[in-house]
Amino acid sequence: MEQNRTPTRRKIRTYCNQCGNGPDLLTVETLDGVATRIEPDFAAHGVHPADGKVCVKAYGLVQKLYNPHRVLTPLKRTNPKKGMNEEPGWVEISWQEALDTVADKLNGIRKRGLKDENGNPRFAFTIGSAASPMWYIGSFPAFIQAWGDVDRSIGSGTTNKCYHTEHIFGELWHRGFTVLPDTPRSEYIIGFGYNADGAAGGVIAARRHADARARGVKRIQFEPHLSVSGASATEWLPIKAKTDSAVLYAMLHVLLHEHPLTDLDVDFLKNHTASPYLIGPNGFYLRDPETRKPLIWDLAGGQAVPHDQAAADPALEGCFEVIDAIEIGADHELWTHARASGMTGFEALRRHVADRSPEWAAGVSDIPAHKIRRIANEFLSHARIGETVEIDGHLLPFRPVAIVFGKSVNNGWGAYECIWARTVLQTLVGALEVPGGIIGSLVLLSGAHGYDRMNTVIAGEDGFMFYPFNPTTKNEWNPRSDSRHAHLTLTPMAGDGIYSHNIGSTVISWMRLQGRAAETWPRPNPPDVWFLYRCNPMNSFSELTKLGESIARFPFTVTFSYTMDETNHFADIVLPEAMDLESYQLIPLGGTGWLESLWSSKGWVLRQPIVEPRGEARNFSWISNELARRTGLLEAYNAAINAGACGVPLKAEGYDHALDVAEEHDEKAVWDRVCKAASASLTDGEEVHGLSWFKENGNLLRPMSTLKWYLFPKMVETGLRFELPYQERFLRIGKQLANRLHETGVEWWDRQLADYEAMPEWKDLEKLWDDALQRNYQAAAKDYPFWLLTTRSMQHAWGATASIQLLAEVGNNLAGQDGILVNSIKAAELGIRDGDEIEVRSAVGAMRGTARLRHGVRPDVVLMIGQWGHWKTPFAKDLKRPGPNDLIPMNMDLIDGMGSTNETTKVAISLVEARP
Amino acid sequence: MTRYVMVADLNRCIGCQTCTVACRHTNATLPEIEWRRVLDMESGEFPDVERLFVPVGCQHCADPPCMHVCPSTATRQRDDGIISIDYDLCIGCSYCAVACPYQARYKTDRNRFAYDGKPMPSEEILMDEKRLGVAQKCTFCSDRIDAGLEANLTPGVDPDATPACVNSCIANALHFGDIEDRESNVSALVDNSPHFRMHEELGTDPGFYYLWRRKSVEE
């Protein structure tokens with residue numbers, strides 16, 4: 001018998017991509033084959049932007065692996081009745097039975113037709129967490145591609161929990177699905193709820209903002225509570241909830257009405273934006289009758305000329321009389337002007353904010369006028385207009401100022417105003433897509449020509465970038481989308497790419513399934529088969545009690561699960577999926593990714609089994625293979641892998657590692673081919689490495705110029721302008737969409753159609769909210785005097801870590817994570833003490849939790865950190881932490897023009913029981 | 001002479017608790033036993049409020065109250081300044097825990113586990129019965145330092161000779177090194193930044209420096 005034997009110690013390299021910001025690199029230590037410890041990947045020092053470190057969540061992976069509450073065998077439901085209060089009657093079954101049962105349902109669909117009588121796919125698939133599950137899903141995308149029509153419109157959090165409106169306008173204006181400050185170079189950053197170093201930006205943002213603070217960056221944080229990012233900011237300004245746009249409009253006012261034009265970046269405005277384009281009397285651009293190009297006023301020649309006339313000196317201010325021009329409105333409506341007054345976009349902008357002074361904004365936002373004015377002036381003075389910086393031999397403008405947003409500022413009502421005003425502010429000082437300013441880092445919507453960000457900068461109409469608007473003209477409009485939220489029909493800005501289902505209004509999907517929306521259209525059927533992976537909509541969506549009633553009606557739900565949870569409580573089959581430390585996948589590393597994940601190298605990284613899968617857990621590549629075979633799709637599935645469904649084509653010029661499509665291949669064989677193809681592709685064939693090499697080395701990287709962070713040089717090269725400030729295309733699309741909908745008897749989208757403004761009018765969101773509550777729930781404003789807000793924490797943002805004891809434990813070191821944050825003075829007025837049980841009540845639900853008192857929260861706000869409120873997830877349910885989601889209404893009045901909703905609602909609070 | 005100290009830059013720290021979990025992993029402490037953790041402190045009244053994150057743990061004092069009250073000589077001071085506990089000598093009287101002005105010491109009499117009172121494989125293999133019924137606290141990862149020095153590595157510079165909390169810190173807020181070495185990383189930080197030590201007035205001469213610049217907001 002061995003005694004005092006030193007255990008065998010190994011360190012194995014892998015990645016964490018539990019949130020959108022990854023992958024980040026780590027090592028796992030094993031002792032005698034048992035995973036014990038997570039450590040940074042020290043070998044990545046100087047390569048990974050945070051030196052190979054991972055955030056707190058990654059340290060939960062060991063518990064995630066060994067959590068005794070894991071589902072470790074396939075389960076089938078025996079109680080046909082579904083509901084929150086129905087016991088599912090789980091019975092353990094074999095994989096054989098589970099897969100046969102699932103395949104039988106899928107084959108039934110293939111026999112009946114992939115779409116139902118309403119034109120909706122019978123098979124639906126839902127994932128969560130900023131699509132980060134894709135980095136764990138193995139070869140399943142190949143199965144989806146082989147399958148054909150799949151509905152991905154049934155949301156688990158997209159639309160109501162994401163940066164929805166910013167995703168859309170960020171991509172339209174500067175290819176920024178996510179928009180971030182150029183933190184390594186920025187000197188003045190204004191955040192409206194931007195929570196990059198608190199949770200949203202991952203380990204790279206945390207490091208870069210800490211470095212920026214050490215460098216002396218000035219960061220201003222507007223937010224109703226003192227968040228982690230507010231705490232680390234130079235200045236916290238406790239703005240009234242939902243009034244961010246007022247401050248932004250006032251900043252525009254200061255720059256445009258309290259400064260001469262020469263204080264702004266005139267060259268940028270004249271030559272790189274639509275500011276000089278002339279707007280005609282009907283609100284559309286004045287155009288050259290022959291070429292139909294928008295006109296600008298040439299100060300040198302004293303006449304209107306097409307926008308791309310090289311020698312012109314474009315006028316920014318004023319109105320000009322134009323001889324012989326046309327305007328093109330909605331549905332090809334044409335106005336011919338022998339003589340017309342044309343106002344520059346810049347002049348229209350100036351007039352648009354004439355009444356929006358800091359004094360006005362102070363009354364709305366609770367931020368004193370002198371502070372708003374000071375910050376606007378600091379933004380201008382820190383912009384260093386005229387300065388340049390050299391990057392890899394190229395001279396670029398240097399504009400180190402950035403305004404950035406967090407969730408619920410950048411989605412739902414008010415988001416268009418905020419994002420528009422912010423991006424216009426950046427153009428006024430030339431700080432868009434240049435070093436130091438705001439930049440985008442990712443394209444997911446405008447990738448019709450590939451998803452390399454720079455390659456999407458191609459010419460569209462009128463001197464602007466191409467954008468894949470869904471058509472709204474009479475002949476091209478699609479009146480019957482093949483998705484339950486009808487993204488092709490209702491939300492032209494969502495496009496029709498791989499991510500467009502997620503950007504359509506998933507709130508509409510649920511409300512249609514509930515018969516609460518789109519009353520002139522048939523109520524959609526639930527999907528015949530619904531797959532869910534790494535998401536828990538019964539915890540993370542809105543108005544959960546009602547959502548449960550909908551999910552209970554879904555006839556066949558299959559979940560790939562880690563533990564039992566609030567959603568798989570309604571499932572028919574629960575499949576145990578191999579977790580992060582149990583399976584293979586090669587994924588892209590570096591480049592420019594989610595939010596602040598900007599690298600100066602690019603390559604590939606391998607996830608690999610640290611231990612054998614626990615119990616009967618199986619990895620997704622194996623599951624995909626089995627499903628493909630059982631549904632007769634093996635050949636198409638293999639072909640999809642060959643074509644690039646695992647991230648890289650297996651055959652391209654210079655290499656061929658393609659699979660034989662007629663054969664079945666195990667997961668190691670698949671990932672070995674992917675490794676070889678990826679390394680060959682990255683190195684132009686210089687290095688070809690298989691699975692065993694990646695298992696040993698973890699990742700393969702090649703340097704990438706940081707010039708790739710900035711769109712500006714590419715815009716100059718292609719001669720394109722940023723489409724700001726005036727939104728002529730958007731205005732036309734909105735009018736055409738209104739025509740199409742009205743022609744087909746749809747009046748129920750009119751409120752949303754009003755959002756299609758060329759320059760958004762400021763809206764009083766508190767009034768909008770109070771009116772909606774009055775109209776729909778007969779509630780008076782005084783009934784719900786508080787805003788209920790929510791925010792993320794690094795311990796639990798994304799990642800499905802609610803059942804990880806370690807993270808719940810250390811999360812308790814932060815104020816309010818275990819309860820409801822209430823302002824100390826307000827609480828005293830209400831007789832509420834720290835630790836008392838209180839009830840938070842909205843028009844649609846109520847939730848109880850422990851009051852936690854702090855001064856760092858506005859008196860008219862209560863805050864719930866994270867997405868708790870579990871009643872089924874083991875461990876998490878025993879924590880009895882409250883969550884906001886059952887309280888947040890799904891309501892047509894609260895959906896904005898792009899289809900998203902705010903993650904907030906008005907509430908009342910009351911004492912339930914004083915602590916002993 | 002060598003004196004190892006910790007430096008925490010409070011203008012960098014974001015309270016994320018990555019150091020807390022890295023310590024829990026590396027030192028295999030039981031649930032709720034956090035040799036390193038980060039306090040979330042608030043001062044002021046709305047709307048003039050400040051929030052500060054402060055990493056805490058054993059301060060490895062030059063004049064440690066815990067050592068003076070230890071009746072069994074289990075708590076000792078190493079030549080490099082690290083305060084150690086000899087679990088074989090400790091009688092679990094907890095005088096030290098009471099004497100410590102930093103609330104840095106823990107004692108538990110029985111094993112506890114993350115879930116349902118039963119160990120997971122990772123907890124089972126790391127279980128250390130010696131820690132039960134005795135005082136325990138941050139060791140500055142002295143085993144890592146000792147092994148690192150043997151391998152000619154520099155504590156605070158080379159990861160394999162550096163405390164796990166420092167290695168893990170995603171904001172580069174935590175630093176470790178020899179304050180007696182005028183050329184060291186920690187000497188440079190302390191020499192060039194405004195700093196304080198906690199409860200310095202008690203005369204403990206703590207080995208934990210906090211760098212902190214007050215915010216200046218122009219009005």
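Which loop of chain B holds Asp205(B)? Asp205(B) sits in the loop between strand S9 (195–197) and strand S10 (208–211) of chain B. This is a predicted model, in which local features need pLDDT of at least 70 and side-chain atom pairs count only at pLDDT 80 or more, while totals for chains, interfaces and linings use all residues. Residues are numbered from 1 along each chain as its sequence is written, and chains are lettered from A and ligands numbered from 1 in the order in which they are written. Helices (H or I, at least four residues) and strands (E, at least two) are DSSP runs, numbered from the N terminus.

**Backbone exceptions**

- Most residues other than glycine have a negative phi, and most peptide bonds are trans.
- Asp205(B) has a positive phi near 50 degrees, although the residue is not a glycine.
- With 15 other C-beta atoms within 10 Å, Asp205(B) is partly exposed; a residue is buried at 20 or more such atoms, exposed at 12 or fewer, and partly exposed in between, with C-beta atoms placed from the backbone.
- In chain A, Asp331(A) also shows a positive phi, of about 50 degrees, in the loop between strand S15 (319–328) and strand S16 (334–344).
- Asp331(A) is partly exposed, having 13 C-beta neighbours inside 10 Å.
- A cis peptide bond, with omega near 0 degrees, links Gly22(A) to Pro23(A); Pro23(A) belongs to the loop between strand S1 (9–16) and strand S2 (24–31) of chain A.
- The bond from Phe46(B) to Pro47(B) is cis as well, with omega near 5 degrees, and Pro47(B) is in the loop between strand S2 (37–45) and strand S3 (48–56) of chain B.

**Contact between the chains**

- Chain B brings 45 residues into contact with 51 residues of chain A, contact being C-beta atoms, placed from the backbone, that lie within 7 Å.
- On the chain B side, the elements that give two or more residues are helix H1 (18–26), S2, S3, helix H4 (121–126) and helix H6 (164–168).
- H1(B) supplies the largest share of that side, 7 residues.

**Helix H2 of chain A**

- Helix H2 (residues 95–112) of chain A has 18 residues and reaches 26 Å from its first C-alpha to its last, close to the 26 Å expected at 1.5 Å a residue; the expected span is 1.5 Å times one less than the number of residues.
- The buried residues in H2(A) include Ala98(A), Leu99(A), Val102(A), Leu106(A) and Ile109(A).
- Seen down the axis of H2(A), the buried residues fall within an arc of 85 degrees, so they line one face of the helix; the arc is that of the directions from the helix axis to the C-beta atoms.
- Gln96(A), Asp104(A), Lys111(A) and Arg112(A) are exposed on the other side of H2(A).
- The cover over the buried residues of H2(A) includes strand S6 (123–127), strand S21 (529–533) and helix H19 (620–630) of chain A.

**A sheet in chain B**

- An open sheet of 4 strands has the order S8-S1-S10-S9 (chain B), with mixed pairing; two strands pair if DSSP finds at least two bridges between them.
- Strand S8 (174–178) and S9 of chain B stand at the edges with a single partner strand each, so one side of each is left without a neighbour in the sheet.
- Strand S1 (residues 4–9) of chain B runs parallel to S10(B) and is joined to S10(B) by 4 bridges.
- Val7(B) has Tyr209(B) in S10(B) as its bridge partner.

Technical notes. Two residues are in contact if their C-beta atoms, placed from the backbone, lie within 7 Å.
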